[in-house]
Amino acid sequence: MEFLGHYNYWIVIFLMMAGFYTVISRGNLVKKIVGLNIFQTSVFILYISIGHVSGGAAPILAEGVPVYSNPLPQVLILTAIVVGVATTALGLALVVRIREAYGTVEEEEIHLQDIDF
Amino acid sequence: MDQLPALLIVIPLLAAPVAAALPNNRLPWLLATAVSWIVFAIAVALMVRVIDSSVISYAMGGWEPPWGIELRIDALNAFVLLIVSTIGAVVTPFAGRSVAAEINKDNISLFYCLFLLTYTGLLGITATGDIFNLFVFLEISSLSSYALIALGRDRRALTAAYQYLIMGTIGATFFLIGVGLLYSMTGTLNIPDLADRLPAVIESRTAHSAFAFVVAGIGLKLALFPVHLWLPNAYAYAPSAVSAFIAATATKVAVYILLRLLFTVFGAEFSFGRMPLQPILIVLSVLGIFVTSTVACAQSDAKRLLAYSSVAQIGYMVVGLSLATTAGLTAAITHMFNHALMKGALFLALGAVAYRIGSTRLSDLAGLGRAMPWTMSAFSIGGLSLIGVPLTAGFISKWYLIVAALEHDWWWLALALLLTSLIAVIYVWKVVEAAWFRDLPAAHSEVREAPLSLLVPTWLLVAANLWFGIDTRFSAGLAARAAEWLLGATP
């Protein structure tokens, strides 16, 4: 059991659970978005760890390098990072508008203002 | 002609920034309508090309699959493309007046930009043959629909869009994790190539985890009970044209993704034979249908009622899907088409009501049957289709579902489906009773019938409901073709 050799994946699991828990348990809308970001970051680390080839260098063409790491997961992650940035931007824009409309960014208080029979 | 699959995605994608740059008058709407009709023509052309079980494979940028991204149109794809483009072609003309009345004047060109982006995303998801490309288009359509929903009148549209954003992103990220795990086991992202390489590595924990993540992620996107919680608020508070468009297309495309994953990538034998997916999906969807139909009966707002009804109808599609036989899949795919027509017609009718009286609460709908007879008749016929009365499209899908359930000798399932149709009678009756059996309040005595540009699209969909309830060659016939292709063919 190579616990220490796979420390990448332990970090992935920790970040994923921390981020997901933050999204679920925190009532502040901005904190939820932060949790979402941490959750997405763990996925990026997962992809890059998968793409690593033992003894491989960074996938940039250079003289005298025999083995490169797989560049495809890194490219996929660039795309996913862009998606993550767009999601964060959209989420925060919505939070700004919610603050203007409700006067608060706490989920509990928003829910109280919206109770409608 | 060869470039049609690429044009399908490129035309709305390029039209989106053009729409954003246009001034805030009728021009963005005219552009969007023209684009939606062109896309409809392309989808029909593609359907005609693949109707004899052939497959169109288009290599993006000339890079050959499996290394390059491929657009792959087969019988199932083409049918779903037809569904999405039909709804787009009907809802976009409707959106002209409806949206102008419901959103801030300064946002009109941005609205149509977002609308075209959502449209691009949905078409891209359906047309692509690369699983990561699917994720990218999934996020394109999701992000733009969050923004579209937030444009609704009520301030609760903002919290609805926010909740949808959080839940939708979690679902998409789960899907992304699954794709990463699949890539790590097979080294490819191309869907037919994945299907070829997966059987060799399928008995590994990684592949099983990938299956779980991917199904969970897509389950959230298609509003499978109990992760459907984003849907009622999102549909209820969005602008009327947006509710109609998204209700009729977004969840169908998510069901398509599930079909593609379960039957093409993983294969029916693994998904339903070796993994315990069938009992899980059937239990969750039947429970979902009962619970959400019942909750729909307790609603005081007509749009929210229809939103809960949508979750129930998606439950029917998932039941058909999890039966994993030709009959079950035919039922699921036919219901995708019929539900798009039904919900499209119902939400458009409510959009016409909202245009005239500014509200869709049941108490405000009192007596509208006399003031707006055409609109409320459209709603009533759509409601009959929802219940599954013979001569409407809804009956056809329920019929196929019950036949598929009886094929398995699961008569308890057939009974459950019939019982839920009775619950549907209750919530449809709530609206019909308010409109036709109550008195028109004095405040609404000046209300006239909806304008033609809103009535014509609504009645087009209602007429389609009636047509496809009688002549099923193009709905169930094509669905059966797609189902056989999905179950029998090797990709």
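Predicted model: local features only at pLDDT ≥ 70, side-chain atom pairs only at ≥ 80, totals over all residues.

Student: How many helices and strands does chain B have?
Tutor: Chain B has 20 helices and two strands. Helices (H or I, at least four residues) and strands (E, at least two) are DSSP runs, numbered from the N terminus.

Student: Why is chain B called as compact as a globular protein of that length?
Tutor: Its radius of gyration is 21 Å, close to the 23 Å that the globule rule gives for 491 residues, so chain B is as compact as a globular protein of that length. The radius is taken over C-alpha atoms, and the rule is 2.2 Å times the number of residues to the power 0.38. The C-alpha atoms of chain B fill a box of roughly 70 × 55 × 40 Å along the principal axes.

Student: What share of chain B is buried?
Tutor: 64% of the 491 residues. Buried means 20 or more other C-beta atoms within 10 Å of a residue's own; exposed means 12 or fewer, and partly exposed is in between, with C-beta atoms placed from the backbone.

Student: And chain A, how many helices and strands?
Tutor: Four helices and zero strands. Along the sequence the pattern is α-α-α-α. The radius of gyration of chain A is 20 Å, whereas a compact globule of 117 residues would be near 13 Å. The box for its C-alpha atoms is roughly 70 × 35 × 20 Å, along the principal axes. Buried residues make up 25% of chain A.

Student: What about contacts within each chain?
Tutor: Two residues are in contact if their C-beta atoms, placed from the backbone, lie within 7 Å. In chain B, among contacts between residues at least 6 apart in sequence, 80% join residues at least 24 apart. In chain A, residues 24 or more positions apart account for 44% of the contacts with a separation of 6 or more.

Student: Switching topic. How many residues are in the largest nonpolar core?
Tutor: It has 223 residues, and those with the most contacts inside it include B:Phe79, B:Ile149 and B:Ala482. α14(B) gives the most to this core, 20 residues. A nonpolar core is a set of buried Ala, Val, Leu, Ile, Met, Phe, Trp, Tyr and Cys residues joined through C-beta atoms within 7 Å.

Student: Which residues does B:Ile149 touch?
Tutor: Not counting residues up to four places away in sequence, its contacts include B:Ala157, B:Tyr164 and B:Val242.

Student: Where does B:Phe337 lie?
Tutor: In helix α14 (residues 326–357) of chain B. B:Phe337 is buried, with 26 other C-beta atoms within 10 Å. Beyond its neighbours within four places in sequence, B:Phe337 contacts B:Ile83, B:Ser475 and B:Ala479.

Student: Where does α18(B) bend?
Tutor: At B:Trp429, by about 25°. That is the angle between axes fitted to the seven residues ending there and the seven starting there. Its buried residues include B:Leu417, B:Tyr427 and B:Lys430. Among what covers the buried residues of α18(B) are α12 (277–297) and α13 (302–323) of chain B.

Student: Last topic, the contact between chains. How many residues does each chain give?
Tutor: 25 residues from chain A and 22 residues from chain B. On the chain A side, α3(A) supplies the largest share, 13 residues. By class, that side has 18 nonpolar, four polar and three charged residues. Here Ala, Val, Leu, Ile, Met, Phe, Trp, Tyr, Cys and Pro count as nonpolar, Asp, Glu, Lys and Arg as charged, and the others, Gly among them, as polar.

Notes:
Residues numbered from 1 in each chain as written. Chains lettered and ligands numbered in written order.
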